[in-house]
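The points are grouped by topic.

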Amino acid sequence: MVPPGKTIGVLGGGQLGRMFAHAAERLGYRVHIYEPAAGSPAGEVAALETNAPYEDVAQLRAFAEGCAVVTYEFENIPTEPLRQIEGVVTLHSPWRVLEICQNRTREKNWLRQHGFPHVAFLEVAADGDLAAAIQSIGMPCVVKTADFGYDGKGQMKVGDAGAIAAAVAAFKNQRAVVEKFITFACEVSVIVARAASGDMRTFPVAENIHTHHILDFSIVPARVPATVAEAAERLGKAIAEKLGVVGLLAIELFVGADGEILVNELAPRPHNSGHATMDACVTSQFEQHVRAVCGLPLGSPAMTSAAVMVNILGDAWTWQDGRMTAEPDWAAVLGDARARLHLYGKREPRVGRKMGHFTVVASTVDEAFRVARELKAKLHRSR
Ligand code: ADP
Ligand code: MG
């Protein structure tokens, strides 16, 4: 066990690291953030920070030597330097888990190899024949870069043959996957916590509504039949166990009209769709990640109320001719006792950039969703 008082290292300095640091420090840990860029959301609240490239093995080693355990909040960390510090400190989850989840081709091949339900796909090499892969999967389909995709970046829907040439041009010289386009009834996610002992807990399944490929609302618990939620939890646990996760694993799923579930993506870290746990569960996802990586007993993921989380993007700021003319109406959210506001301290609001979120708690999800939409409209000054 890594007892409170010790230092937990976190690779990555975004908002997930910031909220992780808050949870860890509440339990008496010191947090050391390792992040290339200065002034990061997590670096600003952690006890210690190193700003150096992930490839700087000497810096990484010095960081590792000062930590009792290391984890990560970001997927796109090169695994080669992590392999080189393997004997220095325990990394949860192991770099092999990160390596699988950070690349769509490896992730999808891993799911296929282990018989987990996933979206039909074909992989295309950097110099491969994308047009042939698109024809072979059939249209509509979605082309995604194998590496570094997030929030819908690096993906393109190909609706018909007329769109193939544009996709071929856009993905020139890139490793990619071509996926069947899924007409889902809804999207859900399940977050599993796994301890080194093998003990596992799942948070209530969240229903996720994306707008322009970015998470907009997370509704918890998801409005799906109990059989679907239970299947998602079982699948999540089976994947976490097979991968050898220690800490959190978030699994994004497509739910078909018939209740069939397909894995879309895996993330071995806290997840945007788990933010409601901070205000609506006995243990938050961040505290659970602390507990799991430190070998503390896992906490109860039970819900204390229904909840809806709303992401606050840079779009909530008002701009005119390149000048910001109005801040979001914070008072609207702060003035409502059912809402809790969380901001990440990012100085520059940009369209599509995650600046914060708020969570509405209520006795039913329908009530929480109604209030969440109302408050979002007010926050955006009804635009
Ligand atoms: P990322 O979250 O890394 O940007 P995802 O693969 O999760 O990438 O895609 C983002 C969103 O785009 C998904 O949550 C879903 O709404 C939509 N999407 C992605 N792949 C498909 C697909 N094959 N069929 C239908 N919708 C998709
Ligand atoms: Mg996703």
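The accessible surface of the protein (Shrake-Rupley method, 1.4 Å probe) comes to about 16000 Å², and carbon and sulfur atoms contribute 51% of that area. This is a predicted model, in which local features need pLDDT of at least 70, side-chain atom pairs count only at pLDDT 80 or more, and totals for chains, interfaces and linings use all residues. Residues are numbered from 1 along each chain as its sequence is written, chains are lettered from A and ligands numbered from 1 in the order in which they are written, and side-chain values use heavy atoms, with hydrogens and water left out.

**Fold and packing**

- The protein has 12 helices and 19 strands, taken as DSSP runs (helices H or I, at least four residues; strands E, at least two).
- Of the 383 residues, 55% are buried, meaning under 20% relative accessible area with a 1.4 Å probe and protein chains only.
- Among contacts with a separation of 6 or more, 62% join residues 24 or more positions apart (contact: heavy atoms within 4.5 Å).

**Charge**

- There are 39 positive and 42 negative side chains, counting Lys and Arg as positive and Asp and Glu as negative, without His and the chain ends.

- Glu-252 belongs to strand β13 (residues 247-255) and Glu-265 to strand β14 (residues 261-267), so the pair ties together parts 13 residues apart in sequence.
- Glu-252 is buried, at 15% relative accessible area.

Conventions: Buried < 20%, exposed > 50% of the residue type's maximum accessible area, 1.4 Å probe, protein only. Charge placed at Lys NZ, Arg CZ, Asp CG, Glu CD.
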